[in-house]
Amino acid sequence: TLRTPAGTPALLAPPAHPMATQRSYRDDDQPPWPGLAKFLLFNATRERTSDFNQPSTWIFLSFVGLDGQRLPQEWRFTWFKVGDLSMDVGVLVDSMTAAMLFIVTFIGGLVHVYSTAYMSEDPRYGRFFGFLSIFCFSMLGLVISNNLFTLFCFWELVGLSSYLLIGFWFEKTSAADASKKAFLTNRVGDIGFFLGLACMYKWTGSLVFSDIFEGINAKVAAG
């Protein structure tokens with residue numbers, strides 16, 4: 001069975017699962033990837049007859065790890081370094097992130113539950129849930145990003161999954177045209193996004209939010 005944080009209401013305790021194993025919650029300095037991996041694993045292995053009995057609130061608590069930790073929490077590491085160019089990436093969880101994590105998992109859970117019946121007779125049932133899972137994963141990654149680079153990457157994944165979902169019934173001309181329109185519209189917006197990202201790195205020397213804010217404050221103070 002899985003252990004829940006001290007003080008967690010009984011209603012939020014996770015139900016028994018055949019793949020569940022005994023584990024304890026992570027230490028303060030451990031990033032929240034185990035919770036995300038568990039979330040993706042449990043959803044990927046569910047059968048079509050699943051009753052989706054894992055509350056989104058508990059998934060949210062498990063992922064963020066709000067077991068006495070104070071917000072904000074940030075985990076960062078250097079992804080690569082070439083000469084003077086260094087790319088730091090990581091995870092940032094503050095009060096706004098926590099709220100958005102709850103909203104994404106709660107709404108995403110409702111969409112999954114509704115879709116099990118709505119798509120039950122569709123021959124591409126598994127394909128639809130694969131696209132939907134990519135969308136939810138991308139939204140969660142976008143929310144927890146602590147830098148503009150990974151934010152941009154997850155935003156592109158959101159655009160890709162939106163294109164795949166909008167055009168899921170590509171046999172219909174309206175669906176195919178709508179997916180192409182959404183894809184091209186997002187690409188136009190991406191041009192401005194990428195230019196802004198490049199300018200921000202040139203001005204502050206970093207794409208990490210905390211470094212950007214410090215750089216801007218320093219420039220403002222210097223006049």
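Of the 223 residues of the protein, 37% count as buried, where buried means under 20% relative accessible area, exposed over 50% and partly exposed in between, with a 1.4 Å probe and protein chains only. The model is predicted, so local features need pLDDT of at least 70 and side-chain atom pairs count only at pLDDT 80 or more, while totals for chains, interfaces and linings use all residues. Residues are numbered from 1 along each chain as its sequence is written, and side-chain values use heavy atoms, with hydrogens and water left out.

**Overall architecture**

- The secondary structure comprises seven helices and two strands; helices (H or I, at least four residues) and strands (E, at least two) are DSSP runs, numbered from the N terminus.
- Read from the N terminus, the order of the elements is α-α-β-β-α-α-α-α-α.
- Among contacts with a separation of 6 or more, 60% join residues 24 or more positions apart; contact means heavy atoms within 4.5 Å.

**Packing of α4 and α5**

- Helix α4 (residues 125–144) packs with α5 at an angle of about 155°, and the two axes are 8 Å apart. Axes are lines fitted to C-alpha atoms, for helices over the stretch in contact, and angles run from 0 to 180 degrees between N-to-C directions.
- The helices α4 and α5 are therefore roughly antiparallel to each other, given that angles under 35 degrees count as roughly parallel, over 145 as roughly antiparallel, 65 to 115 as roughly perpendicular and the rest as oblique.
- The crossing in which α4 passes α5 is left-handed; this term applies if the near helix is turned anticlockwise from the far one by less than a right angle, and right-handed applies if clockwise.
- On the α4 side, the residues making the contact include Phe128, Phe131, Phe135 and Phe137, and on the α5 side they include Phe154, Trp155 and Val158.
- By class, the residues of this contact between α4 and α5 are 15 nonpolar, four polar and no charged. Ala, Val, Leu, Ile, Met, Phe, Trp, Tyr, Cys and Pro count as nonpolar, Asp, Glu, Lys and Arg as charged, and the others, Gly among them, as polar.

**Packing of α5 and α6**

- Helix α5 (residues 148–166) and helix α6 (residues 173–204) pack at an angle of about 175°, with 9 Å between their axes.
- Therefore α5 and α6 are also roughly antiparallel to each other.
- The contact of α5 with α6 contains 15 nonpolar, three polar and four charged residues.

**Cysteines**

- A disulfide is a covalent bond between the sulfur atoms of two cysteines.
- With a disulfide taken as a pair of cysteine sulfur atoms within 2.5 Å, a search of the whole structure finds zero.
- Cys136 is buried, at a relative accessible area of 9%, whereas Cys153 is partly exposed, at 34%.

**Selected residues**

- Arg124 belongs to the loop between α3 (95–118) and α4, and Arg124 is buried, with a relative accessible area of 18%.
- Apart from its neighbours within four places in sequence, Arg124 is in contact with Phe168, Trp169, Phe170 and Glu171.
- Thr105 is part of helix α3 and counts as buried because its relative accessibility is 10%.
- Thr105 and Cys136 are 31 residues apart along the chain, and their C-alpha atoms are separated by 7.7 Å.
- Ala218 is located in helix α7 (residues 209–222) and is partly exposed, with a relative accessible area of 46%.
- From Ala218 to Thr204 the C-alpha to C-alpha distance is 9.8 Å, and the two are 14 residues apart in sequence.
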